[in-house]
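Visitor: I am new to this structure and would like a short tour. Could you show it to me and begin with a contact between side chains?

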Amino acid sequence: QVRLVESGGGLVQAGGSLRLSCAPSHWIFSINDMGWYRQAPGKQRDLVATISRSGTTKYADSVKGRFTISRDNAKNTVYLQMDSLTPEDTAVYYCNADLNPSGVRYDDYWGQGTQVTVSS
């Protein structure tokens, strides 16, 4: 069964940068919207950024001007460039995508999550 595989999390000092990547584990027929969400300890999972197949983006107010979402449709990969990180960005970051693995229908898929920790 196809999964979303994330990479790029880690520990960084405040003011630093990280780049997250996410791609399906297997070949798939098609992808619509892709995005990133995050969940801090004791809080709900919140939207960080989304990007449509055509490249239309949406960001949470808290990351506008600091984070950039992009995608490579040829590689079925979505990226999240995170700059000027603050301790408030510390969370588990989850990749999300609307996938059609075999051409039958689209379903919502989630990655396993990658930890981002920003030290002060």
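Predicted model: local features only at pLDDT ≥ 70, side-chain atom pairs only at ≥ 80, totals over all residues.

Visitor: Where do Arg38 and Asp89 lie?

Guide: Arg38 belongs to strand 4, and Asp89 to the loop between strand 8 (77–82) and strand 9, so the pair ties together parts that are 51 residues apart in sequence.

Visitor: Are Arg38 and Asp89 buried or exposed?

Guide: Both Arg38 and Asp89 are buried. For Asp89, the relative accessible area is 1%; buried means under 20%, so Asp89 qualifies.

Visitor: Which residues does Asp89 touch?

Guide: Leaving aside residues up to four places away in sequence, Asp89 touches Arg38, Arg66, Phe67, Ser84, Val116 and Val118.

Visitor: What do the side chains of Arg66 and Asp89 form?

Guide: The side chains of Arg66 and Asp89 form a salt bridge, with 2.7 Å from N to O. This pair links distant parts of the chain, 23 residues apart: Arg66 is in the loop between strand 6 (57–59) and strand 7 (67–72), and Asp89 is in the loop between strand 8 and strand 9. Arg66 and Asp89 are both buried.

Visitor: How many salt bridges does the structure hold?

Guide: The structure holds four salt bridges. Among them is one between the side chains of Lys64 and Asp61, at 3.1 Å from N to O.

Visitor: Is Asp61 buried or exposed?

Guide: Asp61 counts as exposed, because its relative accessibility is 65% and exposed means over 50%.

Visitor: Let us change topic. Which strands pair with strand 4?

Guide: Strand 4 (residues 30–39) pairs in the antiparallel sense with strand 9 (residues 91–100), over eight bridges. Strand 4 also pairs with strand 5 (residues 46–51), again in the antiparallel sense, over five bridges.

Visitor: How many residues are between strand 4 and strand 5 in the hairpin?

Guide: There are six residues between strand 4 and strand 5, which form a hairpin. In the turn, Gly42 has a positive phi of about 75°.

Conventions
Residues numbered from 1 in each chain as written. Heavy atoms only, no water. Pairing = 2+ DSSP bridges. Helix = DSSP H or I, 4+ residues; strand = E, 2+ residues; numbered from the N terminus. Buried < 20%, exposed > 50% of the residue type's maximum accessible area, 1.4 Å probe, protein only. Contact = heavy atoms within 4.5 Å.
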